[in-house]
Amino acid sequence: MIRVLIADDQEMVRAGFRMILDSEDDIRVVGDAGNGHEAVRLARELRPDVCLMDIRMPGIDGLEATGLLAGEATDDPIRVVVVTTFDLDEYVATALNNGASGFLLKDAGPALLVEAVHAAARGDALVSPQITVRLLRHFHESGSHRDRAEDRPREELTGREHDVVRAVARGLTNTEVSAELYMSLSTVKSHLASVQGKIGARNRVEIAAWAWRTGLMNG
């Protein structure tokens, strides 16, 4: 059973998300919060598997709350999916840099909301398809890609790992990568796990960001 905490300053949004998620056999909403401070307190108290976090909330906003719960300085991070009406590039970037396991627009629909919870719970990440590649390209084209010591892999990627990374950075799902590269789904997952270890990424979104940032997508 996947335990979920919902943080949003609108009661009707919280109620709607609860109705959608509680209708799933393997998901249970264990609490909800109407502001950032309450979200952090409840998350630390209840230790949900996934926290759905709005951005604009009273107290501290969802981006800061995400950093407190999922950031690199957190000893025992909680998986956070940011769910918002705003798809501004800087919001998406800050959310992911603060450790979010996904970024979803509120109008994405019930199916994608459920999929995002499942993805976060299994340690994967999901970002609304309409913003994923646009965001990554934005940072690439803005010149934020550069040779940074921390971006150099601990071990060189194999040719097939490069192929998988490029496909992921174009926004393909594991199933689509499997079909395009003629490899099994388990092989795709193995390659991604290997890449994560080599470049120090926490999820597929960070792998994609790394690919654009380091210029791998120029090849």
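Q: Where is arginine 47 found, and what is its phi?
A: Look in the loop between α2 and β3. Arginine 47 has a positive phi of about 50 degrees, although it is not a glycine. Tyrosine 182 gives you another case, with a phi near 55 degrees, again a positive value in a residue other than glycine. You will find tyrosine 182 in the loop between α8 (174–181) and α9 (185–199). Its relative accessibility is 77%, so tyrosine 182 counts as exposed.

Q: How many helices and strands are there in the protein?
A: The count is 10 helices and six strands. Of the 219 residues in the protein, 47% are buried. Contacts tell you about the fold too: among those with a separation of 6 or more, 65% are between residues 24 or more positions apart.

Q: Since the model is predicted, where is confidence lowest and where is it highest?
A: Start with the overall picture: the mean pLDDT of the protein is 84, and 87% of its residues reach 70 or more. Confidence is lowest in helix α6 (residues 129–141), where the mean is 58. It is highest in β1, at 97.

Q: How should I read a nonpolar core, and which residues have the most contacts inside the largest one?
A: Here is the general idea: in soluble globular proteins, nonpolar side chains tend to be buried together. In this structure the largest nonpolar core has 28 residues, and Met53, Leu69, Val80, Val82 and Phe103 have the most contacts inside it. Several elements contribute at least two residues each: β1 (2–7), α2 (36–46), β3, α3, β4 (79–84), α4 (89–97) and β5 (102–105). There is also a second, separate core of 22 residues, with Leu157, Leu172, Ala201 and Trp212 among them.

Q: Which residues is leucine 69 in contact with?
A: Leaving aside neighbours within four places in sequence, the partners of leucine 69 include Ala39, Val40, Ala43, Met53, Ile78 and Val80. Arg44, Thr74 and Pro77 are in contact with leucine 69 as well.

Q: How do I read the sides of a helix, and which residues are buried in α3?
A: First the general idea: an α-helix has 3.6 residues a turn, so residues three or four places apart point the same way. Now the case: Gly62, Leu63, Ala65, Thr66, Leu69 and Ala70 are buried in α3. These residues cover an arc of only 160 degrees around the axis, which puts them on the same side of α3. Look at the start of α3 too, where a side-chain oxygen of aspartate 61 comes within 3.1 Å of the backbone nitrogen of leucine 63.

Q: What does the UniProt annotation say about Asp54?
A: The unreviewed UniProt entry carries the annotation "modified residue: 4-aspartylphosphate" for Asp54. In the model, aspartate 54 sits in the loop between β3 (50–53) and α3 (62–70). With 5% relative accessibility, aspartate 54 counts as buried. Apart from neighbours within four places in sequence, aspartate 54 is in contact with Ala7, Asp8, Asp9, Gly62, Val83, Thr84 and Lys106.

Q: How far apart are the C-alpha atoms of valine 92 and phenylalanine 103?
A: The two C-alpha atoms are separated by 6.7 Å, and the residues are 11 apart along the chain. Valine 92 is in helix α4, and at 0% relative accessibility valine 92 counts as buried.

Q: To finish, which residues does leucine 216 touch?
A: Leaving out residues up to four places away in sequence, leucine 216 touches His162, Val165, Arg166, Trp210 and Ala211. Leucine 216 lies in the segment after α10 (204–213) and is buried, with a relative accessible area of 13%.

Note on methods
Residues are numbered from 1 along each chain as its sequence is written. This is a predicted model: local features need pLDDT of at least 70, side-chain atom pairs count only at pLDDT 80 or more; totals for chains, interfaces and linings use all residues. Side-chain values use heavy atoms; hydrogens and water are left out. UniProt positions are given in the numbering used here, feature names are shortened, and annotations may be inferred rather than shown by experiment. Helices (H or I, at least four residues) and strands (E, at least two) are DSSP runs, numbered from the N terminus. Buried means under 20% relative accessible area, exposed over 50%, partly exposed in between (1.4 Å probe, protein chains only). Contact means heavy atoms within 4.5 Å. A nonpolar core is a set of buried Ala, Val, Leu, Ile, Met, Phe, Trp, Tyr and Cys residues joined through side-chain atoms within 4.5 Å. The arc is that of the directions from the helix axis to the C-beta atoms. A polar contact is a pair of N or O atoms within 3.5 Å; within protein, one must be able to donate a hydrogen and the other to accept it, and residues adjacent in sequence count only if both atoms are side-chain atoms. pLDDT is the predictor's confidence in each residue, from 0 to 100.
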